[in-house]
Amino acid sequence: MKHAVALPLALWVWVIFHGSVLCQRPAVVNLGAVFTFDSVIGRPAKVAMEAAVSDVNSDPRILNGTKLNLITGDAKCNVFIGSIAAFQVLERRVLAIVGPQSSSIAHMISQIANGLQVPQISYAATDPTLSSLQFPFFLRTTHSDSYQMAAMADVIHLYGWKEVIVIFVDDDYGRNGIAALDDELDKRGSKISYKLSLPTEFNVTDFTEMLNKSKLIGPRVYVVHINPDPSFRIFTVAQRLQMMTRGYAWFATDWLCATLDSFSPMNQTSLRFLQGVVGLRQHIPQSRKKDAFVSQWRKMQKKGLVNSGLNTYGLYAYDTVWALAYSIDEFLKKQGKVSFSASDRLLDIRATQLEKLEIFDNGDLLLRQLLQINFTGLTGQIQFDSERNLINASYEVINIVQTTIRGVGYWSNYSGLSELAPEDVKSEQKRDSFQDQNLGNVTWPGGITEKPRGWEIAADERPLRIGIPRRASFVEFVTELNTSHKVQGYCIDVFNEALKLVPYNVPHTFIPYGDGHFNPNYGELVRMVANDMFDGVVGDIAIVTNRTRIVDFTQPYATTGLVVVAPVHNTKLSAWVFLKPFTVEMWCVTAAAFVMIAVVIWILEHRVNDDFRGPPKRQLITMFLFSFSTLFKTNQFMEEDTRSTLGRIVMVVWLFLLMVITSSYTASLTSILTVQQLSSPISGIDSLIASDLPIGYQVGSFAFSYLRDSLFIRQSRLVSLPTPEAYETALRKGPSGGGVAAIVDELPYVELFLEKRKDFGIFGQTFTKSGWGFAFQKESPLAADLSTAILRLSETGTLQEIHKKWFCEMGCPGWRQHKSEPNQLHMISFWGLYLLCGSITSFALLVFLLRTIRQFARYKRKQIETSPSVSSNARCSHVIYNFFDFIDEREEAIKKMFKQHENPQPQVT
């Protein structure tokens, strides 16, 4: 019975004892750390990790007696050496690898960690391409550069800059970070216009030459994304090249703050090279735990135990060790033991030390524990998102002013830019609804507080390359003189006047394009702007759809469109053709002149000529018959019919006017009756398309491609014509003579062509609506500024004055429709003659009235002297009535009355 009871009891004791042995925690667990010891990031990180291991080992609440052992390897800023250091550390059966700080080395070590299933957690590798998909065992306790570049793009967008120049180190960290910045800028409508890539160990002389060349590009906004550089060589060179001055803007990623924070307080004299630089620093909220650690660090500095300042990466390194400690603690609670096993693949590799490497059997379990951690460390909340990056990415925006580093705002991935710290931003103010993106006042290079323009369109060393078409026809618009090589024309004057209103200097040089014998191809000229052969094109450049896809145009300075020009189709002869020589205005003025002459001659001849006396009806008929019969009477006959001197003077002038008018009328009517009547089926573009007649177009014009590609007119019907003279010759020949039926061209050219050619006209309406503008490369700021200037020129009337200067010396050309009668005589041709006749006639009438009034006054005075009964105080109406009676008397009767008053006969008693 005793044996029966003792056997199960012994078995139970053995199981309990054996289980406790199996579940017993290891006394020590190894952590590996691979980083560059002697570096801006490595120096504080090493001290911080050692301090974290010490704090963990001294804290009884964690790991339950298991101690952490930190095994370090120096990467020496080299991928190859870093890989060797990683192998050496992994041979020591480490549960995880901390680091490295370099993204390039992280790419290599991540491959090794994946193969050995050892979690890798980095506090400084920020390359966005270190993704969890490619490297499942990689985590980081810092923020990916994808967030930093979003912050940088938001800052640049806040100030409205569209183009930047980037300076970066040519490794995984630099290239991939700049690629992320390029994507973020593109989302905000900006771009990287130029990239300056530097080798890891770059030569200052070579960089100086590269940076100096960048001054010729245009943008003055620089973003520097390199490894920490305590010498600040880039900014030293920039200052030497006068690029840290007014007009420039310099931005730096968090490498700058990491470098500055690692300096001791007395070693910040280098800030004088960084005046006006704006940088980013990973934001760490204030906390008692952080303040206590910083205070402890400063004490260590004073004792000489630490030879570096504390930067954010040191704080992240401290929290990384604690994150691993919490994860290992949970892992040991669940798993109880740590086991490694040899890899068959590594055993097959002989003659190397790789067979010593073992796979961490429980690496995936420890990785899961890492992904689940959630605690508050020195840097704030430590928790990973789905992409295995820390949550709540945020940055502080700093500005270096004199010898101080001043904070001007913050950026976070949920609230954007703000002057408030992310933890102070209300939770409801998320990024999607955060409208007031702003920062505090920034002092820029040169000590200015107003925002730099951020670009310089050109410099004296590199003036703007402005292409101009060297036209062979219609040179009034733009061309280069063959003798003096001077560029002139309507378009050039508009451009020069607009430049005066641009608020900055634009050095430029005109480069003619074309041989001067034929007009150049304008489509090719615009493509040369898109291909960076020209910075812009100034001239009569039509703004059409396919061109706007490759260049930016200014506001149109001239309205244009395509029209159809053809020989004028004269109206057929009719019964009223005799009215055609004069315009309606001319007929009305001529008729009024006949009436005026009739009235004036009657007034002048009524007192001396019996032909103009008699009953009123007879006088009225005589008056108008005389006036209109002057068309058919000779001068000799008329001298006998007019008795008064004033009447004869008026008749001489009137007959001269009639001679000119009748001669011109006869010539015009003869031309109308004898000119060959032209017949054309063209009434506009629609009838021209429907016909099979040849069509002319100007060499180099977009009219060719429009007619062929948009209106689908066969190319065989299209005839290129180089000059206005060729236009006229082809139109006069017509289709039957080897010419063209019509020409399609832009309205300004057509107006100039029709100014001196009266036998052609415009048929139909303008069938395209467009304008002329100046073309510049895509997103050129000069296009927008010149557009504003052109609008101001239009508002002030300057555009109209320039147009008059070039095209209105002989009268401004206008749109002459084909309905105009080319042989009609207009009043403008005879107004001087009519003015002369009217002036002399009015003068003769005035002399007659003064002479008559003088006679009437003498008559009344004699009447009062000889007849005392006649009152001198007669009413005005009675005097006027007597005056008209006096005028109606014959001249001989008046003279007889004067003689009677002068020699009165004695009365007989």
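Predicted model: local features only at pLDDT ≥ 70, side-chain atom pairs only at ≥ 80, totals over all residues.
**Surface patch**
- Ile81 is part of helix 3, which spans residues 79–90.
- Phe80, Ile81 and Ile84 make a nonpolar surface patch. Its area is about 280 Å².

**Strand 8: burial**
- Strand 8 covers residues 221–225. Five of its five residues are buried, so strand 8 is largely enclosed by the rest of the structure.
- In a regular strand, side chains alternate between the two faces of the sheet.
- On one side of strand 8 sit Val221, Val223 and His225; on the other sit Tyr222 and Val224. All are buried, so both faces are covered; buried here means under 20% relative accessible area.

**Strand 8: neighbours**
- Strand 6 (residues 163–169) pairs with strand 8 in the parallel sense, over four bridges.
- Phe168 stands opposite His225 of strand 8.
- Strand 9 (residues 249–252) also runs parallel to strand 8, and four bridges join the two.
- Tyr222 has Trp250 in strand 9 as its bridge partner.
- Between strand 8 and strand 9 the chain passes through helix 8 (residues 233–240). This β-α-β crossover is right-handed.

**Backbone details**
- The peptide bond joining Gly99 and Pro100 is cis, with omega about 0°. Pro100 lies in the loop between strand 3 (94–98) and helix 4 (103–116).
- Arg93 is a residue other than glycine with a positive phi, near 55°. Arg93 is found in the loop between helix 3 and strand 3. Its relative accessible area is 42%, so Arg93 is partly exposed.
- Gln117 has a positive phi near 55°, and this residue too is not glycine. Gln117 lies in the loop between helix 4 and strand 4 (120–122). With a relative accessible area of 29%, Gln117 is partly exposed.

Key:
Residues numbered from 1 in each chain as written. Heavy atoms only, no water. Patch = residues over 30% accessible without salt bridge, like charges linked within 9 Å, V, L, I, M, F, W, Y side chains within 5 Å. Areas by Shrake-Rupley, 256 points an atom, 1.4 Å probe, with all protein chains shown as cover. Salt bridge = Lys/Arg side-chain N within 4 Å of Asp/Glu carboxyl O. Buried < 20%, exposed > 50% of the residue type's maximum accessible area, 1.4 Å probe, protein only. Pairing = 2+ DSSP bridges. Right-handed = clockwise from strand over helix to strand, strands pointing away.
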